[in-house]
Amino acid sequence: MINQASIRNKKLNERNSLSFENKKGLGEKLANSFAQSTSTFTLKKVALYLSVKNEAPTNGIINLLEELNIKCYLPIVSSDINEKMMKFGEYKINSRLVRNSLGIPEPMDTTFVDLSSIDLFLLPLVAFDIEGYRVGMGMGYYDTTLLEIKNSKTCKIWGIAYEFQEEESCFPEFHDLKLDAVLCPSGLREFV
């Protein structure tokens, strides 16, 4: 039976089989794709993630944002794992980081940002579908944290992925966040 868990397992296996060389080339293409896709609108604040476990690499995008003096913010998971909420703290390339209980790097000594002031959120994902739904790691942090922001339409919410992560359907559940677009090495895929 195909469901979110089976899609997650399949796509994680595919993602984990990427070679270092392949991932590096795709990371450069992602940064170029990002530059082209955002050239028509003004960005002041972008929330994104530091790639772990063969996630689509964000280091080229972070370098570009820093060159353009656009502020970057990374997610910081609540210490109460039942809360499923995140705050976003300012990040610069030389910021000190600490790994949280999930093994994800977070900025130390940071200022939190009001989520409604973020222009663009870039989310990690394991899979995405043709409707704009994503499968993440199954913890629900992004869905919970960004639900209110998504309904306000004050920002854009994009996933970042490799092309092979696309599925016909991710079998969305009522609480799953729909993305505005997914940024791939070949370009931006927007959803209605």
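**A close look at helix α2**

Tutor: Happy to! Helix α2 runs over residues 20-37, and its 18 residues reach 25 Å from the first C-alpha to the last, close to the 26 Å expected at 1.5 Å a residue. Please keep in mind that this is a predicted model.

Let's start with the side chains that α2 hides. Leu-26, Gly-27, Leu-30, Ala-31, Ser-33, Phe-34 and Ser-37 are buried. They lie on the same side of α2, because the arc they cover around the axis is only 165°. If you turn to the face pointing away from that buried side, you will find the exposed residues Glu-21 and Gln-36.

What lies over the buried residues, then? The cover of the buried residues of α2 includes one helix, α3 (59-67), along with the strands β6 (120-123), β9 (156-160), β11 (181-184) and β12 (187-190).

Helix α3 deserves a moment of its own. The axes of α2 and α3 come within 7 Å and cross at roughly 45°. The two helices are therefore oblique to each other, α2 against α3. Their crossing, that of α2 and α3, is right-handed. You can find the residues that meet there in your viewer: α2 brings Leu-30, Ala-31, Phe-34 and Ala-35, while α3 brings Gly-60, Ile-61, Leu-64 and Leu-65. Of the α2 residues in this meeting, Leu-30, Ala-31 and Phe-34 are also among those listed as buried.

Phe-171 is found in the loop between β10 (166-167) and β11. Most residues other than glycine have a negative phi. Phe-171, although not a glycine, has a positive phi of about 50°. With a relative accessibility of 38%, Phe-171 counts as partly exposed.

Lys-84, found between β2 (71-77) and β3 (86-91), has a positive phi of about 60° and is not a glycine either. Lys-84 counts as partly exposed too, at 25% relative accessibility.

Finally, have a look at Glu-131, in the loop between β7 (127-129) and β8 (134-135). Its relative accessibility is 45%, so Glu-131 counts as partly exposed. Leaving aside neighbours within four places in sequence, Glu-131 is in contact with Lys-178 and Phe-191.

Technical notes: Residues are numbered from 1 along each chain as its sequence is written. This is a predicted model: local features need pLDDT of at least 70, side-chain atom pairs count only at pLDDT 80 or more; totals for chains, interfaces and linings use all residues. Side-chain values use heavy atoms; hydrogens and water are left out. Helices (H or I, at least four residues) and strands (E, at least two) are DSSP runs, numbered from the N terminus. The expected span of a helix is 1.5 Å times one less than its number of residues. Buried means under 20% relative accessible area, exposed over 50%, partly exposed in between (1.4 Å probe, protein chains only). The arc is that of the directions from the helix axis to the C-beta atoms. Contact means heavy atoms within 4.5 Å. Axes are lines fitted to C-alpha atoms, for helices over the stretch in contact, and angles run from 0 to 180 degrees between N-to-C directions. Angles under 35 degrees count as roughly parallel, over 145 as roughly antiparallel, 65 to 115 as roughly perpendicular and the rest as oblique. A crossing is left-handed if the near helix is turned anticlockwise from the far one by less than a right angle, and right-handed if clockwise.
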